[in-house]
Amino acid sequence: MRILLISDTHDNVAAIRDLQEEVKKERFDFVVHAGDVISPFSLRSFEFEKMYISFGNNDGDREKLVQIALERGWKIGDVVEFPSGVVYHGTNEEIVRALSKKYELVVVGHTHKAGKRKENEATVVNPGEVCGYLSGKRSYAIFEDGDVSFFEF
């Protein structure tokens, strides 16, 4: 299974377009977004076929975000399961620890810092930020067969 992991797009539609251009020749089973899409117009700019999206702390019109996700057949919520994993925007360590006892892969966001670590038997991954606002780096990760690779674009 090959999964594209992203987070913290923060309404940067140009960065979202650049990301999609960067990965358009790649094959993914699905995309996981670890929160802070922000606005409905940002969510509409995604062209991926299958997405699992967690709400972030800055997301605005959640009803409209849910409507768009449902129209496209995507899953969205505070904590969202996907095959072999779960996505959660926050950094509450008790929640991350609990999730890591049940899932192979736990994808988190919020900090805008790319990284991975082991927690229990799970791999916990923060893909960094697509928007590039805080770190100055636009990044994403790919999870494949238990391995995580990070990329800047």
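**Charges across the protein.** Lys and Arg count as positive and Asp and Glu as negative, while His and the chain ends are not counted; each charge is placed at NZ of Lys, CZ of Arg, CG of Asp or CD of Glu. On that basis, the mean positions of the 20 positive and 26 negative charges lie 1 Å apart. Please bear in mind that this is a predicted model, in which local features need pLDDT of at least 70, side-chain atom pairs count only at pLDDT 80 or more, and totals for chains, interfaces and linings use all residues. Residues are numbered from 1 along each chain as its sequence is written, and side-chain values use heavy atoms, with hydrogens and water left out.

**The fold and its span.** Four helices and 11 strands make up the secondary structure; these are DSSP runs (helices H or I, at least four residues; strands E, at least two), numbered from the N terminus. The C-alpha trace spans about 40 × 30 × 30 Å along its principal axes. Of the 153 residues, 54% count as buried, that is, under 20% relative accessible area with a 1.4 Å probe and protein chains only.

**Partners of Arg 97 from elsewhere in the sequence.** Beyond its neighbours within four places in sequence, Arg 97 is in contact with Glu 119 and Asn 120 (contact means heavy atoms within 4.5 Å). Val 124 is 27 residues from Arg 97 in sequence, and their C-alpha atoms are 9.5 Å apart in space.

Terms used:
Buried < 20%, exposed > 50% of the residue type's maximum accessible area, 1.4 Å probe, protein only.
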